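Subject: Structure handover, with notes on pockets and cavities

Dear colleague,

I am passing on the structure we spoke about, and my notes on its pockets, its cavities and a few individual elements follow it. Please read them with the model open beside you.

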Protein chains: 2
Amino acid sequence: MPAAPEHFGTRLTARVAARESQVVVGLDPDPARLWPGVEPAGPAAAQRDPRARAAAAVEAHCRAVLDAVADAVVAVKPQAACFERLGGPGHDALEAVCAHARDLGLLVLADVKRGDIGVTARAYAQAWLSATPTPHGDVPGLGADAITASPYLGEDSLVPMLDEGRPHGRGIVVLVRTSNPGAADLQDVQDPGGEPLWALAARLVDRLGSDAGDGGGLSDVGAVCGATRPEHLEALRGLMPRAPFLLPGVGAQGGRVADLGPAVAPGRAGALVTASRSLVDAHRDAAPGSDPAAAARAAAEALREQAWALGDGR
Amino acid sequence: MPAAPEHFGTRLTARVAARESQVVVGLDPDPARLWPGVEPAGPAAAQRDPRARAAAAVEAHCRAVLDAVADAVVAVKPQAACFERLGGPGHDALEAVCAHARDLGLLVLADVKRGDIGVTARAYAQAWLSATPTPHGDVPGLGADAITASPYLGEDSLVPMLDEGRPHGRGIVVLVRTSNPGAADLQDVQDPGGEPLWALAARLVDRLGSDAGDGGGLSDVGAVCGATRPEHLEALRGLMPRAPFLLPGVGAQGGRVADLGPAVAPGRAGALVTASRSLVDAHRDAAPGSDPAAAARAAAEALREQAWALGDGR
């Protein structure tokens, strides 16, 4: 790691500009629904342990997806659960997929949604953003550029992640208003002043974030804001003027890119549009026998163009 | 796994009665603060990879802790973050620690605090409570008896975990009112009717839980209720009459067992007192050179007696 790593918000802005894309490809591989023809040959295929075989297949699938969509995306968002369920080999597969993403020039936003008390929050940050000191030497983590984090335990559960990641130029992206129907159960509860819980989470994100110091850049604390409820986006942007928004829910869940205008106010990198199934499974909606890679590439490029057309917020 | 696994609440009640303990020992091993003298010999010590060495040392430490306190506790609560940060070898160490706990007759309550949208919540449950179907055969998960879960994403993020775990006799324990100072930031926010968010989470726990069918047993959806704010416990028990409470915060964080009376209303298994540092680090507060195992055993036994003295709620 370089001596003075660049600020996460600065890196994100530069990467979006260089790749001309705000698209984040989500990887949530199901061993029962991988792309046909990616099953690895060689030693991996010969293994009898279902866990090792499934992990090898998942890794090959994810590499193929990244190779297909890389030109149209700026980052990858691996879903930790899908690797975690394959144990140690799953962890190794995730490491390999993250390394491959970096080789392709992509940022890694690990979707882990962790949240815990202070000392444990720091341990999670060590796992994903930095390294764990041990008497035997430092154990490097996954090397993600940012992780998603849950705010339910409050500010003192988020600060340690930031304290751990910030010196390495890493960020966190806090769940504020998610895209699932159940999000309303707690996140939309209003306080006596009529302010929903998501607005309180948003204020927390704004307070914790810091930019690179020039006052004009993006913060290193982002927010997950579901694209399924665009009517909230303007209020969310007002509460978090500098935060990069990670916007799930476009496509399969019904969100529309055209409704995401308020998100780009601080520049294009402020509006990261994430899509998983709508890219990876694009061939399933195409003609029978369609090439998954070609279908994914076309879907990613179409999404890239739509998002880019939102402009740079000026 | 047996064809018709027993209900989680029933198993928990029986285990507490058989072991005459409500104490849950938390394991959050820091490679830089392990018990002296537990470093493994043999091949593990000869490894040059810091990750493998640290994982082997963590595993040896956890085994030693379990061996020391097993007679006084009913369950172990491994902290996922502390194993996750050691990668694949960390996962293997956690598997071994969980297997050792089972051999000692303990339940495993994995402290993972996961929470995500439906399909991902199911993947987490597969990782920890059940198994993942793959074309190469089922990949078994960690085999935990229950996992902790975050409610921030709402009901539809918890139901899939329960759907996945319940047929295997496994449960979930939802974060309701945690023990850290920051818990107040969001969990204590009051809705217009004056009801705090934690009460809404508690209602969700009560609604999702089901008992074994006889109407008198504990539910398979528990609640994390910090022991640091005993003034909430009566209200929490009123809202969740059948839920097993996992009560962190006794000892180092200032909570007192004597204040936990309302938690045992549905029986002793309704009040699981969890302690980590106050047991594992008990030798640090004792005379210099004290044996960590003896100090931990004594601390666990003292806590067991205190908690048992709360009675069975009748």
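In this predicted model, the helix that gives the most to the lining of the second largest cavity is α5(A), with four residues. That cavity holds about 180 Å³ of space, and of the 17 residues that line it, A:E84, A:H91, A:R114, B:E84 and B:H91 are the closest to its centre. The elements that give two or more residues to this lining are α4 (80-84) and α5 (87-103) of chain A, together with α4 (80-84) and α5 (87-103) of chain B. By class, the lining of the second largest cavity has eight nonpolar, five polar and four charged residues.

The structure holds five cavities of 30 Å³ or more, and the largest cavity has a volume of about 360 Å³. The largest cavity is lined by 25 residues, among which A:K77, A:P248, A:Q253, A:S276 and B:I117 lie nearest its centre. In chain A, β3 (107-114), β10 (271-275) and α11 each supply at least two residues of that lining, whose residues divide into nine nonpolar, 10 polar and six charged.

A:N180 is found in the loop between β7 (171-177) and α8 (183-187) of chain A, and because its relative accessibility is 5%, under the 20% limit, A:N180 counts as buried. The side chains of A:N180 and A:T178 are joined by a polar contact of 2.6 Å.

Turning to the open sites, the largest pocket has a volume of about 760 Å³ and is lined by 42 residues, of which A:I117, A:V119, B:D28, B:S276 and B:R277 lie nearest its centre. Chain A contributes to this lining through α6 (118-128), and chain B through β1 (23-27), α3 (50-69), β3 (107-114), β10 (271-275) and α11 (277-280), each of these elements supplying at least two residues. The most comes from α6(A), which gives five residues to the lining of the largest pocket. Sorted by class, that lining has 17 nonpolar, 14 polar and 11 charged residues.

The second largest pocket has a volume of about 380 Å³, and of the 20 residues that line it, A:D28, A:P29, A:D30, A:R85 and B:V119 lie nearest its centre. Two or more residues of this lining come from α11 (277-280) of chain A and likewise from α6 (118-128) of chain B, with α6(B) giving the most, at five residues. Its lining residues divide into eight nonpolar, five polar and seven charged.

The buried residues of α13(B) are B:P292, B:A293, B:A295, B:A296, B:A300, B:L303, B:R304 and B:A307, and what covers them includes β1, α3, β10, α11 and α12 (282-285) of chain B.

With best regards

Notes
Residues are numbered from 1 along each chain as its sequence is written. Chains are lettered from A and ligands numbered from 1 in the order in which they are written. This is a predicted model: local features need pLDDT of at least 70, side-chain atom pairs count only at pLDDT 80 or more; totals for chains, interfaces and linings use all residues. Side-chain values use heavy atoms; hydrogens and water are left out. On a 1 Å grid over the protein atoms alone, a cavity is a set of points where a 1.4 Å probe fits but cannot get out, and a pocket is an open set with protein on both sides within 12 Å along at least five of seven lines; lining residues have an atom within 4 Å of a point. Grid points are joined across faces, edges and corners, and a volume is the space filled by probe spheres set on the points. Ala, Val, Leu, Ile, Met, Phe, Trp, Tyr, Cys and Pro count as nonpolar, Asp, Glu, Lys and Arg as charged, and the others, Gly among them, as polar. Buried means under 20% relative accessible area, exposed over 50%, partly exposed in between (1.4 Å probe, protein chains only). Contact means heavy atoms within 4.5 Å. A polar contact is a pair of N or O atoms within 3.5 Å; within protein, one must be able to donate a hydrogen and the other to accept it, and residues adjacent in sequence count only if both atoms are side-chain atoms.
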